[in-house]
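Colleague: I am new to this model. Please pick one part of it and take me through that part closely.

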Amino acid sequence: MGISTKNTEAPPPIPEPSETEQKRASRGATRPGDRVFLGLSRGSGIFLLVIMAAIAVFLTYRASLAISKDEGNFLTTFEWNPTAIPPDFGIAVLAFGTVVSSIVAMVIAVPIAVAIALFLTHYAPRRLSGPISYVIDLLAAVPSIVYGLWGALILVPHMNGLFGWLNDYLGWTGIFEWQGGAPRSMLTVGILLAIMILPVVTNVSREVFRQSPQMIEEAALALGATRWEVIRMSVLPFGRSGVISASMLGLGRALGETMAVATVLSPTFTIQASLLDPGGGTFAQNIASKFGEATEQGRDALIASGLVLFVITLLVNGAARAIIARRKEYSGANA
Amino acid sequence: MSQTLNVKRPSTLQGARLPKWSPWAIAAGSVALGIGISAAAGLDSSIQWGLMAAIIFVLGTYGIATRVEGRRQAKDRVATSLVWVAFLLAVVPLVSLVWTALSRGVKVLDVYFLTHSMGVVADTEPGGGIYAAILGSLEQVGLAALMAVPIGVLTAIYLVEYGRGNLSRAITFFVDVMTGIPSIVAGLFILSLMVQFKMQPFGFAGSLALAILMMPIVVRSTEEMLKLVPNELREASLALGIPKWRTILKVVLPTSLGGITTGIMLSIARIAGETAPVLLLVFGNPFINSNPFEGAQSSLPLYIYQQYANSAGSGAAYDRAWAASLTLIAFIMILNLAARGIARWKAPKTGR
């Protein structure tokens, strides 16, 4: 500890000139142009903070109006009737659906994304790796509503065969039970979300794998390790925290995804064990599909559910950023 | 004698290896086998056929490689093939999506489609177009960019050129947090203001939400670009007695202009496809409304959603949705390509 604090204290000689430089600059800031410019740029930075605060404050205020009128328990009620008299609504079903669909998406996307990242850094021929990164970027650039349209019109019909097969062989688990409804279910949503978060997870993991120490890899190769053994023993342990934070960034994206879920899922306000039977709902999907018919009271209730989503994504993203920030040298975090 | 030794030695050191073409042979064999088995078992989904072939490929590789090369090499080969399979899996949806958008979109995409609006055309009938949607999208995204770009760039300048201490640390943290805000939450924030002040949906409300989504992206990309500007340039300028604000305006910004422009264009491409906030705040309008400050407007992503949702399964509406998707994808791709072009064009030089 003592050594490390000494090490962090050693650099000050370098910052110090810049501090004096700044003092000189701020003495120079008596010039009106400098003062105006500093004011403008600091002002816009503060404005960003004000926006964040305003988002939290206004959502909380409108949400508190709705929740105070709620006859049910906001956290545990399985109903969504904010316009009934008395209003009765709760987020239990939405929270469940949001978590389940995101978990399905993570389970599918993370292994594939890690594999693609490894492919790009360690397997692909160098000439291919550039164009393939570009293809992955294209995947990220496609708007979510187009994914939704594709999911609803192309993916859903293609899921019938897979669902029948899962029901035949894994139906006994209860999770993969299917009663033959249209496959607009949590599993389909999860698969679609997986496709959508794939580029995020891939890009961040790729940056981390690219930084894995070459010397250790070469040493392992020289000892006769196969390529897979090199990856398992040196690249993956090195990149573990990076992959975790990449996954959490992807999770944040999946939690808040609206249109793809709204077009694919056929929602019900129930909690069910089966991933294959249509039903359930997510926060974002519920807001998008209930919004049209909502009165002011209904909108406040939707805002309340949005506040919960906001808090959850803040926590997930904050954790991801904290993990990334621990790796100082890594700067590809703006994916 | 020596010849035989020379022949034998590498073989004892290296062990038996599969020939280079073997993965391809196994792949071809497993695809054939997979299709055969699937067809025989009566599986009708092409996803299942692909899965079957992939499973046979991985198992086949492992079996053959274990027999010839040993277990460690076999594991290595399986890992290699799994990595390749993962990559191919990721490409399949992209190809399918682009192919569907192209093949179904071009059916109705013509000049008439681009220059007319839905008007009184019922959602289930053929005809109509996306003029109002394009107009709305351009206005909303343009206004959002007008608000987000100055604030974003100035914030980045503050963070790189002035910021030390707590304020800049707080800003950096919250910019990171803001990047992760779901678009629907940004929409809900503006909606909560509209509920508060009893306003009806209008285009500019959508712009506000889009600007909130755009700002953190602009800040992050501009920040990265400003950090790339060599300190010597700043010092040289300051040493000549030039005030700091002129140094920033005349030296730092022009040097990084290409990168900043690229970031801004990418962020525009990103928000142009946002649907959720527009759905909440702009509401959609089949008629042309060129005034973003009053009355409901349309927008391209919203148009796609509404054509899908109100179509009642009608093919005409789906075709329009695909054509609009194609337009939107084309718009975003052009922005992306142009941004990359600018980045490449401006990258090697650091001066004007």
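Modeller: pLDDT is the predictor's confidence in each residue, on a scale from 0 to 100. This is a predicted model, in which local features need pLDDT of at least 70 and side-chain atom pairs count only at pLDDT 80 or more, while totals for chains, interfaces and linings use all residues. Residues are numbered from 1 along each chain as its sequence is written, and chains are lettered from A, with ligands numbered from 1, in the order in which they are written.

Confidence comes before the part itself. Chain A averages a pLDDT of 84, and 88% of its residues score at least 70. Over residues 1-17 of chain A pLDDT stays under 50, and the model has zero contacts there beyond four places in sequence; two residues are in contact if their C-beta atoms, placed from the backbone, lie within 7 Å. Residues 329-335 of chain A also stay under 50, but for them the model has 15 contacts beyond four places in sequence.

The part to look at is where chain A meets chain B. Here 74 residues of chain A are in contact with 78 residues of chain B. On the chain A side, helix α3 (residues 32-69) supplies the largest share, 18 residues; helices are DSSP runs (H or I, at least four residues), numbered from the N terminus. By type, that side of chain A has 46 nonpolar, 19 polar and nine charged residues. Ala, Val, Leu, Ile, Met, Phe, Trp, Tyr, Cys and Pro count as nonpolar, Asp, Glu, Lys and Arg as charged, and the others, Gly among them, as polar.

Residues up to four places away in sequence aside, A:Val146 touches B:Leu97, B:Ala101, B:Ile304, B:Ser325, B:Leu328 and B:Ile329. In the largest nonpolar core, which has 192 residues, A:Val146 is listed with A:Ile116 and B:Met214 as touching the most other members. Such a core is a set of buried Ala, Val, Leu, Ile, Met, Phe, Trp, Tyr and Cys residues joined through C-beta atoms within 7 Å.

From the chain B side, look at B:Pro182, in the loop between α7 (165-179) and α8 (183-196) of chain B. B:Pro182 counts as buried because it has 26 C-beta neighbours inside 10 Å, where the cut-off for buried is 20 or more. Beyond four places in sequence, B:Pro182 is in contact with A:Leu255, A:Gly256, A:Ala284, A:Leu309 and A:Thr313. Within chain B, B:Ala39 is 143 residues from B:Pro182 along the chain, and their C-alpha atoms are separated by 44 Å.

How values were computed. Buried ≥ 20, exposed ≤ 12 C-beta atoms within 10 Å, placed from the backbone. Helix = DSSP H or I, 4+ residues; strand = E, 2+ residues; numbered from the N terminus.
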